Amino acid sequence: MSSGPRTTPNPFVKLALDLGPLILFFMIYRYAGIMAATTAFMVITAVSLGIGWWIERRLHPMPIVTAVVVLVFGGLTLWYDNETFIKLKPTLIYSIFAVLLLGGLLVKRPLLQPLMGNLWRLDSAGWHKLTFRFGIFFLLMAVANEIIWRHFSTDDWVTWKTFGIFPATLLFGFLQAPLIQRHSLPDEES
């Protein structure tokens with residue numbers, strides 16, 4: 001899916017495109033409830049994906065998977081007037097990512113490399129270890145989402161979704177810095 005020259009988005013623009021739908025979901029939920037928030041989440045996710053394509057002239061796999069799941073599960077939430085579907089969305093997304101990453105390792109393909117190879121230049125062992133760690137992280141995030149939505153209130157789940165998932169992901173990413181540094185390739189090898 002490409003046409004025209006690719007540009008790399010400003011990191012702050014990328015962050016806004018990633019976090020914008022989530023922040024809007026939280027704000028609208030607080031004022032208008034889960035159904036209105038779900039509707040807005042679906043719209044802004046599609047808009048965010050479109051803006052990302054417009055900037056880079058390509059779509060990355062993870063945002064596409066996320067957008068499809070948001071639209072399907074958001075649509076089911078609205079159609080059946082049942083918030084369970086939107087609460088299942090993070091579980092499904094994290095499970096898909098975990099299965100893809102860990103499954104890729106079973107066939108000796110660290111699938112994190114094609115997704116993040118433009119960020120880091122690592123040796124083969126580094127990509128395998130990092131892919132395994134991210135696969136386990138996504139699996140744990142799926143389990144955490146299941147526990148929270150099943151045993152806590154919708155308010156608690158929305159707070160977790162908004163203020164728990166992103167910081168946990170950032171912290172996990174920062175904790176990978178020593179591994180990334182140990183397995184980084186010198187510039188002449190990359």
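This is a predicted model: local features need pLDDT of at least 70, side-chain atom pairs count only at pLDDT 80 or more; totals for chains, interfaces and linings use all residues.
User: How much space lies in the largest pocket?
Analyst: The residues closest to the centre of the largest pocket are Lys14, Asp18, Met62, Pro63 and Met116, from a lining of 50 residues. The space in this largest pocket is about 2200 Å³.

User: Which element gives the largest share of the lining of the largest pocket?
Analyst: The elements that give two or more residues to this lining include helix 2 (34-56), helix 4 (84-106) and helix 8 (165-175). Helix 1 (11-32) is also one of them. The largest share is eight residues, and the element that supplies it is helix 1.

User: How many residues in the lining of the largest pocket are nonpolar?
Analyst: The lining of the largest pocket holds 50 residues. Seven of its residues are charged and ten are polar. The number of nonpolar residues is 33.

User: How many charged residues are in the lining of the second largest pocket?
Analyst: About 160 Å³ of space lies in the second largest pocket. Its lining includes Pro61, Met62, Val65, Phe97 and Phe138, and helix 3, helix 4 and helix 5 each supply at least two residues. By class, this lining has ten nonpolar residues and no polar ones, and the number of charged residues is likewise given as no charged residues.

User: Which residues have the most contacts inside the largest nonpolar core?
Analyst: In soluble globular proteins, nonpolar side chains tend to be buried together. The largest nonpolar core in this model has 35 residues, and those with the most contacts inside it are Leu130, Phe138 and Trp157.

User: Which element supplies the largest share of the largest nonpolar core?
Analyst: This core has 35 residues. Its largest share is nine residues, and they come from helix 6.

User: Which residues does Phe138 touch, not counting residues up to four places away in sequence?
Analyst: Phe138 is among the residues that line the second largest pocket, and it is also among those with the most contacts inside the largest nonpolar core. Beyond four places in sequence, the residues touched by Phe138 are Met62, Tyr94, Phe97, Ala98 and Leu101.

User: How many residues apart are Arg30 and Asp155, which form a salt bridge?
Analyst: Arg30 and Asp155 form one of three salt bridges in the structure, with their closest N and O atoms 3.6 Å apart. Arg30 is partly exposed at a relative accessible area of 38%, and Asp155 is partly exposed at 38%. Arg30 lies in helix 1 and Asp155 in helix 7 (residues 154-163), so the pair links distant parts of the chain, 125 residues apart.

User: What separates Arg150 and Glu146 within helix 6?
Analyst: The side chains of Arg150 and Glu146 meet in a salt bridge, at 2.5 Å from N to O. Glu146 is buried, with a relative accessible area of 18%. Because Arg150 and Glu146 are four residues apart in helix 6, their separation is about one helical turn.

User: What is the value of phi for Asp81?
Analyst: Most residues other than glycine have a negative phi. Asp81 lies in the loop between helix 3 and helix 4 and is exposed, with a relative accessible area of 59%. Its phi is positive although Asp81 is a residue other than glycine, with a value near 50°.

User: Where does Lys108 lie?
Analyst: Lys108 is not a glycine, yet it has a positive phi of about 65°. Lys108 is exposed, with a relative accessible area of 65%. Its place is the loop between helix 4 and helix 5.

User: What distance separates the C-alpha atoms of Thr154 and Met42?
Analyst: Thr154 is in helix 7 and is buried, with a relative accessible area of 15%. Thr154 touches Tyr29, Ile34, Glu83 and Lys87, leaving aside residues up to four places away in sequence. Thr154 and Met42 are 112 residues apart along the chain, and their C-alpha atoms are separated by 18 Å.

Notes. Residues are numbered from 1 along each chain as its sequence is written. Side-chain values use heavy atoms; hydrogens and water are left out. On a 1 Å grid over the protein atoms alone, a cavity is a set of points where a 1.4 Å probe fits but cannot get out, and a pocket is an open set with protein on both sides within 12 Å along at least five of seven lines; lining residues have an atom within 4 Å of a point. Grid points are joined across faces, edges and corners, and a volume is the space filled by probe spheres set on the points. Ala, Val, Leu, Ile, Met, Phe, Trp, Tyr, Cys and Pro count as nonpolar, Asp, Glu, Lys and Arg as charged, and the others, Gly among them, as polar. A nonpolar core is a set of buried Ala, Val, Leu, Ile, Met, Phe, Trp, Tyr and Cys residues joined through side-chain atoms within 4.5 Å. Buried means under 20% relative accessible area, exposed over 50%, partly exposed in between (1.4 Å probe, protein chains only). Contact means heavy atoms within 4.5 Å. A salt bridge is a side-chain nitrogen of Lys or Arg within 4 Å of a carboxyl oxygen of Asp or Glu.
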